[in-house]
Amino acid sequence: MTLHANLIDGEWLPGEAVPNINPSNTNDVVGDYARASADDAGRAIAAAKAAFPAWSRSGLLERQSVLRKASDEILARKEEFGRLLSREEGKTLPEGIGETVRAAQIFDFFAGEALRLTGETVPSVRPGIGVEMTREAVGVVGIITPWNFPIAIPAWKIAPALCYGNTVVFKPAELVSGCSWAIVDILHRAGLPQGVLNLVMGKGSVVGQAMLDSPDVDAITFTGSIDTGKRVAAASVEHMRKFQTEMGGKNPLVVLDDAELDTAVECAVNGAFFSTGQRCTASSRLVVTAGIHDRFVEALTGRLKNLVVDDALKQGTHIGPVVDQSQLDQDMEYIEIGRGEGARLVFGGERLNRETPGFYLQPALFTECTSAMRIAREEIFGPVASVIRVKDYDEALAVANDTRFGLSSGICTQSLKHATHFKRNAEAGMVMVNLPTAGVDFHVPFGGRKGSSYGPREQGRYAAEFYTTVKTAYTGM
Ligand code: ADP
(Lines give C-alpha, C1' and ligand atoms only; values in the text may rest on other atoms or scores of the structure.)
Protein backbone atom coordinates (compact mmCIF):
# COMPACT_ATOMS: atom_id res chain seq x y z
CA MET A 1 0.00 0.00 0.00
CA THR A 2 1.28 3.50 -0.80
CA LEU A 3 2.41 5.38 2.26
CA HIS A 4 0.89 8.84 2.59
CA ALA A 5 3.77 10.97 3.83
CA ASN A 6 4.01 14.10 5.94
CA LEU A 7 4.69 17.42 4.24
CA ILE A 8 7.56 19.32 5.84
CA ASP A 9 9.17 22.34 4.19
CA GLY A 10 7.74 21.38 0.81
CA GLU A 11 9.02 17.77 0.94
CA TRP A 12 6.96 14.63 1.43
CA LEU A 13 8.70 12.78 4.26
CA PRO A 14 7.94 9.14 5.11
CA GLY A 15 7.66 7.78 8.65
CA GLU A 16 6.35 4.80 10.56
CA ALA A 17 3.25 3.51 8.69
CA VAL A 18 -0.03 3.69 10.61
CA PRO A 19 -3.04 1.93 9.06
CA ASN A 20 -6.23 3.97 8.86
CA ILE A 21 -9.08 1.56 9.73
CA ASN A 22 -12.67 1.76 8.53
CA PRO A 23 -14.99 1.73 11.60
CA SER A 24 -17.78 0.16 9.51
CA ASN A 25 -15.51 -2.76 8.63
CA THR A 26 -12.37 -3.22 10.68
CA ASN A 27 -10.96 -5.58 8.01
CA ASP A 28 -10.84 -2.65 5.59
CA VAL A 29 -7.66 -0.56 5.68
CA VAL A 30 -8.35 2.85 4.16
CA GLY A 31 -4.65 3.57 3.71
CA ASP A 32 -1.27 3.81 5.39
CA TYR A 33 -0.27 7.17 6.85
CA ALA A 34 3.15 8.22 8.09
CA ARG A 35 3.51 8.95 11.79
CA ALA A 36 5.60 12.06 12.41
CA SER A 37 8.03 12.28 15.34
CA ALA A 38 8.58 15.16 17.74
CA ASP A 39 11.69 16.05 15.67
CA ASP A 40 9.57 16.18 12.52
CA ALA A 41 7.24 18.58 14.32
CA GLY A 42 10.27 20.73 15.21
CA ARG A 43 11.38 20.78 11.57
CA ALA A 44 7.88 21.69 10.44
CA ILE A 45 7.74 24.58 12.92
CA ALA A 46 11.15 25.83 11.78
CA ALA A 47 10.04 25.63 8.14
CA ALA A 48 6.84 27.55 8.89
CA LYS A 49 8.84 30.19 10.76
CA ALA A 50 11.25 30.59 7.85
CA ALA A 51 8.40 30.85 5.34
CA PHE A 52 6.46 33.43 7.34
CA PRO A 53 8.14 36.73 6.32
CA ALA A 54 7.61 36.14 2.59
CA TRP A 55 4.12 34.61 2.86
CA SER A 56 2.84 37.32 5.20
CA ARG A 57 3.81 39.88 2.55
CA SER A 58 2.66 37.80 -0.41
CA GLY A 59 0.31 39.25 -2.98
CA LEU A 60 -3.35 38.94 -2.24
CA LEU A 61 -4.01 37.38 -5.62
CA GLU A 62 -1.51 34.64 -4.85
CA ARG A 63 -3.40 33.73 -1.67
CA GLN A 64 -6.76 34.05 -3.35
CA SER A 65 -5.66 31.81 -6.21
CA VAL A 66 -4.41 28.99 -3.94
CA LEU A 67 -7.59 29.04 -1.85
CA ARG A 68 -9.82 29.21 -4.93
CA LYS A 69 -8.02 26.28 -6.58
CA ALA A 70 -8.41 24.23 -3.41
CA SER A 71 -12.12 24.98 -3.34
CA ASP A 72 -12.55 24.02 -6.99
CA GLU A 73 -10.67 20.74 -6.66
CA ILE A 74 -12.42 19.68 -3.45
CA LEU A 75 -15.78 20.38 -5.08
CA ALA A 76 -14.86 18.51 -8.27
CA ARG A 77 -13.83 15.48 -6.18
CA LYS A 78 -16.68 15.68 -3.64
CA GLU A 79 -17.92 12.09 -4.24
CA GLU A 80 -14.41 10.68 -3.82
CA PHE A 81 -13.66 12.69 -0.69
CA GLY A 82 -17.15 12.14 0.73
CA ARG A 83 -16.56 8.41 0.38
CA LEU A 84 -13.08 8.65 1.93
CA LEU A 85 -14.50 10.65 4.83
CA SER A 86 -17.35 8.19 5.49
CA ARG A 87 -14.97 5.27 5.16
CA GLU A 88 -12.48 6.60 7.68
CA GLU A 89 -14.84 8.31 10.15
CA GLY A 90 -18.13 6.42 9.87
CA LYS A 91 -20.68 9.13 9.14
CA THR A 92 -23.06 8.28 6.30
CA LEU A 93 -22.13 8.94 2.68
CA PRO A 94 -24.61 11.84 2.22
CA GLU A 95 -23.16 13.38 5.41
CA GLY A 96 -19.63 12.77 4.12
CA ILE A 97 -20.36 14.42 0.78
CA GLY A 98 -22.19 17.29 2.53
CA GLU A 99 -19.20 17.93 4.75
CA THR A 100 -16.87 17.87 1.74
CA VAL A 101 -18.98 20.48 -0.04
CA ARG A 102 -18.85 22.54 3.15
CA ALA A 103 -15.04 22.41 3.08
CA ALA A 104 -15.03 23.63 -0.54
CA GLN A 105 -17.39 26.49 0.39
CA ILE A 106 -15.11 27.52 3.25
CA PHE A 107 -12.07 27.71 0.96
CA ASP A 108 -14.15 29.70 -1.53
CA PHE A 109 -15.29 32.10 1.21
CA PHE A 110 -11.72 32.78 2.35
CA ALA A 111 -10.48 33.08 -1.24
CA GLY A 112 -12.86 36.04 -1.42
CA GLU A 113 -11.84 37.35 1.98
CA ALA A 114 -8.22 37.55 0.84
CA LEU A 115 -9.33 40.41 -1.43
CA ARG A 116 -11.45 42.12 1.19
CA LEU A 117 -8.85 42.98 3.83
CA THR A 118 -9.56 46.43 5.20
CA GLY A 119 -8.27 48.82 7.80
CA GLU A 120 -9.42 52.09 9.28
CA THR A 121 -8.01 55.58 9.13
CA VAL A 122 -9.02 58.09 11.77
CA PRO A 123 -7.80 61.53 12.81
CA SER A 124 -5.75 61.66 15.98
CA VAL A 125 -6.92 63.57 19.04
CA ARG A 126 -3.69 65.51 18.51
CA PRO A 127 -3.86 67.93 15.56
CA GLY A 128 -1.57 67.13 12.61
CA ILE A 129 -1.37 63.42 13.29
CA GLY A 130 -3.02 60.57 11.38
CA VAL A 131 -3.90 57.15 12.83
CA GLU A 132 -4.23 53.92 10.85
CA MET A 133 -5.49 50.61 12.17
CA THR A 134 -4.56 47.55 10.18
CA ARG A 135 -4.61 43.79 10.65
CA GLU A 136 -1.44 41.76 10.25
CA ALA A 137 -0.77 38.03 10.21
CA VAL A 138 0.09 36.51 13.60
CA GLY A 139 2.93 34.20 12.53
CA VAL A 140 3.21 30.42 12.76
CA VAL A 141 -0.22 28.96 13.53
CA GLY A 142 -0.42 25.46 15.02
CA ILE A 143 -3.62 23.69 14.00
CA ILE A 144 -4.77 20.66 16.01
CA THR A 145 -7.98 18.98 14.90
CA PRO A 146 -10.27 16.19 16.13
CA TRP A 147 -11.65 13.18 14.25
CA ASN A 148 -15.36 14.02 14.07
CA PHE A 149 -15.28 16.48 11.15
CA PRO A 150 -12.28 15.21 9.19
CA ILE A 151 -12.51 17.72 6.33
CA ALA A 152 -14.61 20.66 7.54
CA ILE A 153 -12.65 21.50 10.71
CA PRO A 154 -9.23 21.40 8.98
CA ALA A 155 -10.76 23.59 6.24
CA TRP A 156 -12.18 26.16 8.64
CA LYS A 157 -8.84 26.54 10.36
CA ILE A 158 -6.40 26.24 7.42
CA ALA A 159 -8.31 28.53 5.04
CA PRO A 160 -8.39 31.64 7.27
CA ALA A 161 -4.85 30.99 8.55
CA LEU A 162 -3.49 31.13 4.97
CA CYS A 163 -5.89 33.85 3.83
CA TYR A 164 -4.56 36.34 6.39
CA GLY A 165 -0.91 35.52 5.68
CA ASN A 166 0.03 33.06 8.43
CA THR A 167 2.09 29.92 7.94
CA VAL A 168 0.81 26.65 9.30
CA VAL A 169 1.81 23.47 11.10
CA PHE A 170 -1.19 21.17 10.90
CA LYS A 171 -1.70 18.10 13.09
CA PRO A 172 -4.90 16.19 12.35
CA ALA A 173 -6.38 13.45 14.57
CA GLU A 174 -4.66 10.16 13.79
CA LEU A 175 -7.95 8.30 13.27
CA VAL A 176 -8.80 10.37 10.19
CA SER A 177 -5.56 11.20 8.41
CA GLY A 178 -7.08 10.57 4.95
CA CYS A 179 -9.05 13.77 4.42
CA SER A 180 -6.33 15.89 6.02
CA TRP A 181 -3.67 14.44 3.74
CA ALA A 182 -5.93 15.06 0.73
CA ILE A 183 -6.46 18.74 1.61
CA VAL A 184 -2.75 19.33 2.14
CA ASP A 185 -1.91 17.57 -1.13
CA ILE A 186 -4.36 19.84 -2.97
CA LEU A 187 -3.05 23.05 -1.37
CA HIS A 188 0.54 22.02 -2.04
CA ARG A 189 -0.18 21.39 -5.73
CA ALA A 190 -2.21 24.62 -5.88
CA GLY A 191 1.10 26.46 -5.54
CA LEU A 192 1.82 27.23 -1.89
CA PRO A 193 5.50 28.13 -1.41
CA GLN A 194 7.53 25.60 0.56
CA GLY A 195 7.12 25.72 4.32
CA VAL A 196 3.87 27.72 4.26
CA LEU A 197 1.73 24.67 5.07
CA ASN A 198 3.24 21.68 6.88
CA LEU A 199 1.47 18.43 7.69
CA VAL A 200 2.55 16.40 10.73
CA MET A 201 0.28 13.41 11.23
CA GLY A 202 0.81 11.56 14.47
CA LYS A 203 0.10 11.20 18.13
CA GLY A 204 -1.27 14.08 20.14
CA SER A 205 1.00 13.24 23.05
CA VAL A 206 4.07 13.46 20.80
CA VAL A 207 3.50 15.71 17.78
CA GLY A 208 0.74 17.81 19.35
CA GLN A 209 2.69 18.19 22.57
CA ALA A 210 5.80 19.25 20.61
CA MET A 211 3.74 22.02 19.05
CA LEU A 212 2.45 23.15 22.45
CA ASP A 213 5.98 23.19 23.85
CA SER A 214 7.59 25.16 21.02
CA PRO A 215 8.31 28.86 21.59
CA ASP A 216 8.17 29.34 17.81
CA VAL A 217 4.46 28.60 17.47
CA ASP A 218 2.77 32.00 17.70
CA ALA A 219 -0.85 30.84 17.91
CA ILE A 220 -2.67 27.56 18.41
CA THR A 221 -6.16 26.75 17.29
CA PHE A 222 -7.53 23.55 18.79
CA THR A 223 -10.74 21.55 18.61
CA GLY A 224 -11.04 18.43 20.76
CA SER A 225 -11.58 17.25 24.30
CA ILE A 226 -11.70 19.38 27.44
CA ASP A 227 -8.62 17.77 28.96
CA THR A 228 -6.47 18.45 25.91
CA GLY A 229 -7.99 21.92 25.56
CA LYS A 230 -6.79 22.73 29.07
CA ARG A 231 -3.28 21.56 28.17
CA VAL A 232 -3.36 23.79 25.09
CA ALA A 233 -4.45 26.71 27.26
CA ALA A 234 -1.85 26.12 29.98
CA ALA A 235 1.02 25.69 27.51
CA SER A 236 -0.10 28.75 25.55
CA VAL A 237 -0.20 30.93 28.63
CA GLU A 238 3.28 29.68 29.50
CA HIS A 239 4.53 30.82 26.08
CA MET A 240 2.36 33.97 26.05
CA ARG A 241 0.85 32.93 22.72
CA LYS A 242 -2.57 33.43 21.27
CA PHE A 243 -4.89 30.42 21.50
CA GLN A 244 -8.38 29.32 20.72
CA THR A 245 -9.98 26.12 22.07
CA GLU A 246 -13.25 24.53 20.99
CA MET A 247 -14.10 21.72 23.38
CA GLY A 248 -17.55 20.33 23.18
CA GLY A 249 -20.94 20.70 24.70
CA LYS A 250 -23.93 19.25 26.46
CA ASN A 251 -26.44 21.02 24.27
CA PRO A 252 -30.08 21.26 25.29
CA LEU A 253 -33.05 21.08 22.95
CA VAL A 254 -36.07 22.53 24.76
CA VAL A 255 -39.46 21.28 23.57
CA LEU A 256 -42.42 23.32 24.82
CA ASP A 257 -46.06 22.22 24.96
CA ASP A 258 -46.92 24.40 21.95
CA ALA A 259 -44.17 22.97 19.71
CA GLU A 260 -45.09 21.31 16.42
CA LEU A 261 -44.59 17.69 17.35
CA ASP A 262 -43.12 16.63 13.99
CA THR A 263 -40.65 19.51 13.97
CA ALA A 264 -39.55 18.77 17.53
CA VAL A 265 -39.07 15.07 16.83
CA GLU A 266 -37.07 15.75 13.65
CA CYS A 267 -34.89 18.28 15.48
CA ALA A 268 -34.24 15.71 18.20
CA VAL A 269 -33.48 12.83 15.83
CA ASN A 270 -31.17 14.93 13.71
CA GLY A 271 -29.52 16.80 16.58
CA ALA A 272 -29.05 13.89 18.95
CA PHE A 273 -28.39 10.91 16.70
CA PHE A 274 -27.25 11.85 13.19
CA SER A 275 -23.51 11.62 12.64
CA THR A 276 -23.80 8.96 15.37
CA GLY A 277 -24.19 11.76 17.94
CA GLN A 278 -20.49 12.53 17.50
CA ARG A 279 -20.84 16.30 17.14
CA CYS A 280 -19.94 18.90 19.72
CA THR A 281 -23.26 20.57 18.83
CA ALA A 282 -25.28 17.36 19.38
CA SER A 283 -28.55 17.70 21.36
CA SER A 284 -27.73 15.32 24.16
CA ARG A 285 -30.31 16.83 26.57
CA LEU A 286 -33.95 16.96 25.53
CA VAL A 287 -35.72 19.27 27.96
CA VAL A 288 -39.44 18.71 27.52
CA THR A 289 -42.44 20.33 29.21
CA ALA A 290 -45.00 18.05 30.88
CA GLY A 291 -47.91 18.68 28.47
CA ILE A 292 -46.09 17.30 25.42
CA HIS A 293 -43.65 14.94 27.17
CA ASP A 294 -45.40 11.61 26.65
CA ARG A 295 -46.43 12.33 23.05
CA PHE A 296 -42.91 13.51 22.24
CA VAL A 297 -41.22 10.46 23.77
CA GLU A 298 -43.62 8.10 21.99
CA ALA A 299 -43.15 9.77 18.59
CA LEU A 300 -39.38 9.96 19.02
CA THR A 301 -39.12 6.31 20.01
CA GLY A 302 -41.22 5.43 16.96
CA ARG A 303 -38.80 7.33 14.73
CA LEU A 304 -35.77 5.68 16.34
CA LYS A 305 -37.20 2.22 15.63
CA ASN A 306 -37.13 3.01 11.91
CA LEU A 307 -33.57 4.29 11.75
CA VAL A 308 -31.12 2.01 9.98
CA VAL A 309 -27.78 1.59 11.75
CA ASP A 310 -25.31 0.04 9.34
CA ASP A 311 -22.20 0.46 7.18
CA ALA A 312 -21.68 4.19 6.58
CA LEU A 313 -21.23 3.61 2.85
CA LYS A 314 -24.40 1.55 2.38
CA GLN A 315 -27.31 3.23 0.70
CA GLY A 316 -30.17 3.62 3.17
CA THR A 317 -28.02 3.82 6.30
CA HIS A 318 -29.18 6.60 8.62
CA ILE A 319 -26.57 6.12 11.33
CA GLY A 320 -23.08 4.77 10.79
CA PRO A 321 -20.83 3.14 13.37
CA VAL A 322 -19.15 4.75 16.36
CA VAL A 323 -15.66 5.89 15.38
CA ASP A 324 -13.59 3.29 17.27
CA GLN A 325 -13.49 0.79 20.11
CA SER A 326 -12.53 3.23 22.84
CA GLN A 327 -15.35 5.64 21.94
CA LEU A 328 -17.76 2.68 21.82
CA ASP A 329 -16.58 1.55 25.27
CA GLN A 330 -17.17 5.07 26.56
CA ASP A 331 -20.69 5.17 25.11
CA MET A 332 -21.54 1.77 26.62
CA GLU A 333 -20.12 2.84 29.95
CA TYR A 334 -22.35 5.93 30.01
CA ILE A 335 -25.37 3.78 29.16
CA GLU A 336 -24.57 1.69 32.24
CA ILE A 337 -24.03 4.84 34.30
CA GLY A 338 -27.45 6.13 33.19
CA ARG A 339 -29.14 2.89 34.22
CA GLY A 340 -27.31 2.96 37.54
CA GLU A 341 -28.42 6.55 38.18
CA GLY A 342 -32.06 5.54 37.83
CA ALA A 343 -32.77 6.90 34.34
CA ARG A 344 -35.09 4.74 32.21
CA LEU A 345 -33.66 3.38 28.98
CA VAL A 346 -36.73 3.45 26.75
CA PHE A 347 -34.94 2.62 23.53
CA GLY A 348 -31.70 1.17 22.21
CA GLY A 349 -28.29 1.10 23.79
CA GLU A 350 -27.44 -2.37 22.44
CA ARG A 351 -24.34 -3.36 20.50
CA LEU A 352 -25.40 -4.38 16.99
CA ASN A 353 -23.86 -6.92 14.61
CA ARG A 354 -23.89 -6.23 10.92
CA GLU A 355 -22.46 -8.00 7.84
CA THR A 356 -19.05 -6.50 8.48
CA PRO A 357 -17.22 -6.18 11.80
CA GLY A 358 -17.72 -2.58 12.94
CA PHE A 359 -18.53 -0.48 16.01
CA TYR A 360 -22.31 -0.48 15.66
CA LEU A 361 -24.46 0.87 18.47
CA GLN A 362 -28.22 1.27 18.57
CA PRO A 363 -29.15 4.88 19.43
CA ALA A 364 -30.07 5.11 23.11
CA LEU A 365 -32.85 7.21 24.62
CA PHE A 366 -33.20 7.72 28.37
CA THR A 367 -36.23 9.26 30.09
CA GLU A 368 -36.86 10.19 33.74
CA CYS A 369 -33.51 11.99 33.78
CA THR A 370 -32.60 14.84 36.07
CA SER A 371 -30.16 17.64 35.52
CA ALA A 372 -28.01 16.23 38.33
CA MET A 373 -27.29 12.91 36.60
CA ARG A 374 -23.90 12.35 35.01
CA ILE A 375 -25.53 11.38 31.69
CA ALA A 376 -27.12 14.84 31.69
CA ARG A 377 -23.97 16.69 32.69
CA GLU A 378 -21.01 15.04 30.98
CA GLU A 379 -20.35 14.98 27.25
CA ILE A 380 -20.81 11.39 26.02
CA PHE A 381 -20.07 12.05 22.32
CA GLY A 382 -22.21 9.19 21.11
CA PRO A 383 -25.80 8.39 20.05
CA VAL A 384 -27.18 8.74 23.57
CA ALA A 385 -29.78 11.33 24.63
CA SER A 386 -31.47 12.10 27.94
CA VAL A 387 -35.02 13.42 28.27
CA ILE A 388 -35.55 15.74 31.23
CA ARG A 389 -39.18 16.50 32.08
CA VAL A 390 -39.92 20.07 33.26
CA LYS A 391 -43.14 21.85 34.25
CA ASP A 392 -42.95 25.04 32.19
CA TYR A 393 -40.82 27.37 30.09
CA ASP A 394 -39.08 28.98 33.08
CA GLU A 395 -37.92 25.64 34.41
CA ALA A 396 -36.92 24.58 30.88
CA LEU A 397 -34.69 27.64 30.50
CA ALA A 398 -33.13 27.08 33.92
CA VAL A 399 -32.38 23.43 33.10
CA ALA A 400 -31.08 24.32 29.63
CA ASN A 401 -28.58 26.69 31.23
CA ASP A 402 -27.71 24.34 34.09
CA THR A 403 -24.47 23.09 32.53
CA ARG A 404 -20.83 24.02 32.49
CA PHE A 405 -21.00 24.04 28.67
CA GLY A 406 -22.46 26.66 26.35
CA LEU A 407 -22.04 25.85 22.69
CA SER A 408 -25.47 25.48 21.08
CA SER A 409 -28.93 25.72 22.63
CA GLY A 410 -32.21 24.96 20.87
CA ILE A 411 -35.92 25.47 21.42
CA CYS A 412 -38.99 24.16 19.62
CA THR A 413 -42.00 26.39 20.17
CA GLN A 414 -44.58 28.36 18.22
CA SER A 415 -44.54 31.15 20.79
CA LEU A 416 -42.78 34.29 19.62
CA LYS A 417 -42.54 35.41 23.24
CA HIS A 418 -40.74 32.29 24.40
CA ALA A 419 -38.53 32.05 21.29
CA THR A 420 -37.45 35.66 21.74
CA HIS A 421 -36.85 35.26 25.46
CA PHE A 422 -34.86 32.08 24.85
CA LYS A 423 -32.66 33.71 22.17
CA ARG A 424 -31.79 36.42 24.68
CA ASN A 425 -31.30 34.25 27.74
CA ALA A 426 -29.83 30.95 26.58
CA GLU A 427 -26.23 30.84 27.84
CA ALA A 428 -24.75 29.58 24.59
CA GLY A 429 -22.73 30.88 21.66
CA MET A 430 -25.36 29.67 19.20
CA VAL A 431 -29.15 29.48 19.59
CA MET A 432 -31.53 27.57 17.33
CA VAL A 433 -35.28 28.09 17.11
CA ASN A 434 -37.25 25.21 15.58
CA LEU A 435 -33.98 23.83 14.22
CA PRO A 436 -31.59 21.14 15.42
CA THR A 437 -28.78 22.31 17.70
CA ALA A 438 -26.30 20.89 15.17
CA GLY A 439 -25.95 22.13 11.60
CA VAL A 440 -24.55 25.61 11.06
CA ASP A 441 -23.70 27.99 8.22
CA PHE A 442 -20.11 28.48 7.09
CA HIS A 443 -20.14 32.27 6.70
CA VAL A 444 -21.12 33.26 10.24
CA PRO A 445 -19.36 32.85 13.59
CA PHE A 446 -19.15 29.47 15.26
CA GLY A 447 -18.28 29.01 18.92
CA GLY A 448 -19.53 28.81 22.45
CA ARG A 449 -19.36 30.15 25.97
CA LYS A 450 -18.53 28.81 29.42
CA GLY A 451 -16.60 25.52 29.31
CA SER A 452 -17.22 24.94 25.59
CA SER A 453 -14.88 27.47 24.04
CA TYR A 454 -12.14 29.90 24.80
CA GLY A 455 -10.90 32.67 22.54
CA PRO A 456 -12.33 34.38 19.50
CA ARG A 457 -15.04 32.82 17.33
CA GLU A 458 -14.21 30.68 14.31
CA GLN A 459 -15.57 30.99 10.75
CA GLY A 460 -16.95 33.84 8.71
CA ARG A 461 -15.38 37.27 8.95
CA TYR A 462 -15.04 36.88 12.73
CA ALA A 463 -12.19 34.43 12.03
CA ALA A 464 -9.97 37.48 11.45
CA GLU A 465 -10.00 38.11 15.22
CA PHE A 466 -7.89 35.04 15.82
CA TYR A 467 -5.79 34.85 12.66
CA THR A 468 -4.67 38.48 12.68
CA THR A 469 -3.29 40.95 15.14
CA VAL A 470 -4.21 44.63 15.08
CA LYS A 471 -1.63 47.36 14.55
CA THR A 472 -2.27 51.03 15.29
CA ALA A 473 0.14 53.32 13.41
CA TYR A 474 0.51 57.11 14.06
CA THR A 475 1.97 59.48 11.48
CA GLY A 476 2.93 63.06 12.21
CA MET A 477 2.39 65.34 9.23
P1 ADP B 1 -10.77 13.22 21.22
O2 ADP B 1 -11.26 12.65 22.50
O3 ADP B 1 -11.81 13.85 20.37
O4 ADP B 1 -9.82 12.35 20.46
P5 ADP B 1 -8.47 14.81 21.96
O6 ADP B 1 -8.45 16.10 22.67
O7 ADP B 1 -7.80 13.64 22.57
O8 ADP B 1 -9.99 14.52 21.68
O9 ADP B 1 -7.88 14.97 20.50
C10 ADP B 1 -8.05 16.14 19.72
C11 ADP B 1 -6.74 16.45 19.04
O12 ADP B 1 -5.79 16.80 20.05
C13 ADP B 1 -6.15 15.26 18.27
O14 ADP B 1 -5.52 15.74 17.10
C15 ADP B 1 -5.15 14.73 19.25
O16 ADP B 1 -4.12 14.00 18.64
C17 ADP B 1 -4.63 16.02 19.87
N18 ADP B 1 -3.96 15.84 21.17
C19 ADP B 1 -4.17 14.86 22.09
N20 ADP B 1 -3.33 15.01 23.13
C21 ADP B 1 -2.57 16.10 22.89
C22 ADP B 1 -1.52 16.80 23.60
N23 ADP B 1 -1.08 16.38 24.77
N24 ADP B 1 -1.00 17.88 23.02
C25 ADP B 1 -1.45 18.34 21.85
N26 ADP B 1 -2.40 17.74 21.13
C27 ADP B 1 -2.97 16.63 21.63
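Modeller: Helices here are DSSP runs of H or I of at least four residues, strands are E runs of at least two, and both are numbered from the N terminus. This is a predicted model, so local features need pLDDT of at least 70, side-chain atom pairs count only at pLDDT 80 or more, and totals for chains, interfaces and linings use all residues. Residues are numbered from 1 along each chain as its sequence is written, and side-chain values use heavy atoms, with hydrogens and water left out.

Colleague: Then start with Ala51. Which helix holds Ala51?

Modeller: Ala51 belongs to α1, residues 38–56.

Colleague: Is Ala51 buried or exposed?

Modeller: Buried means under 20% relative accessible area, exposed over 50%, and partly exposed in between (1.4 Å probe, protein chains only). Ala51 counts as buried because its relative accessibility is 10%. Look also at Val168: Ala51 and Val168 are 117 residues apart along the chain, yet their C-alpha atoms are separated by 9.5 Å.

Colleague: Where is Ser283 found?

Modeller: Ser283 is in strand β14, residues 283–289. Its relative accessible area is 0%, so Ser283 is buried.

Colleague: What does the side chain of Ser283 contact?

Modeller: A polar contact is a pair of N or O atoms within 3.5 Å; within protein, one must be able to donate a hydrogen and the other to accept it, and residues adjacent in sequence count only if both atoms are side-chain atoms. The side chain of Ser283 makes such a contact with the side chain of Thr437, at 2.6 Å.

Colleague: On to backbone angles. What is the phi of Glu368?

Modeller: Glu368 is not a glycine, but its phi is positive, about 55°. Glu368 lies in strand β18, residues 364–369. It is partly exposed because its relative accessibility is 37%.

Colleague: And Asn434: what is its phi?

Modeller: Asn434 is not a glycine either, and has a positive phi of about 55°. Asn434 sits in the loop between β21 (430–433) and β22 (453–454). At 31% relative accessibility, it is partly exposed. From Asn434 to Arg63 is 371 residues in sequence and 39 Å in space, C-alpha to C-alpha.

Colleague: Now the ligand. Which residues come nearest?

Modeller: A residue is near a molecule if one of its heavy atoms lies within 4 Å of it. There are 16 residues around the ligand, and Thr145, Lys171, Gln209, Ser225 and Thr228 come nearest.

Colleague: Which atoms face the ligand's oxygens?

Modeller: At Thr145, a backbone N or O atom lies 2.7 Å from a ligand oxygen. Ser225 places a polar side-chain atom 2.6 Å from a ligand oxygen. For Thr228, a side-chain N or O atom is 2.8 Å from an oxygen atom of the ligand. Taken alone, the ligand exposes 550 Å² (Shrake-Rupley, 1.4 Å probe). The protein buries 77% of that.

Colleague: Which elements supply the shell around the ligand?

Modeller: Helix α7 (204–213), strand β11 (219–223) and helix α8 (226–238) each supply at least two residues. The largest share, 4 residues, comes from α7.

Colleague: How many shell residues are nonpolar, polar and charged?

Modeller: Ala, Val, Leu, Ile, Met, Phe, Trp, Tyr, Cys and Pro count as nonpolar, Asp, Glu, Lys and Arg as charged, and the others, Gly among them, as polar. The shell has 6 nonpolar, 8 polar and 2 charged residues.
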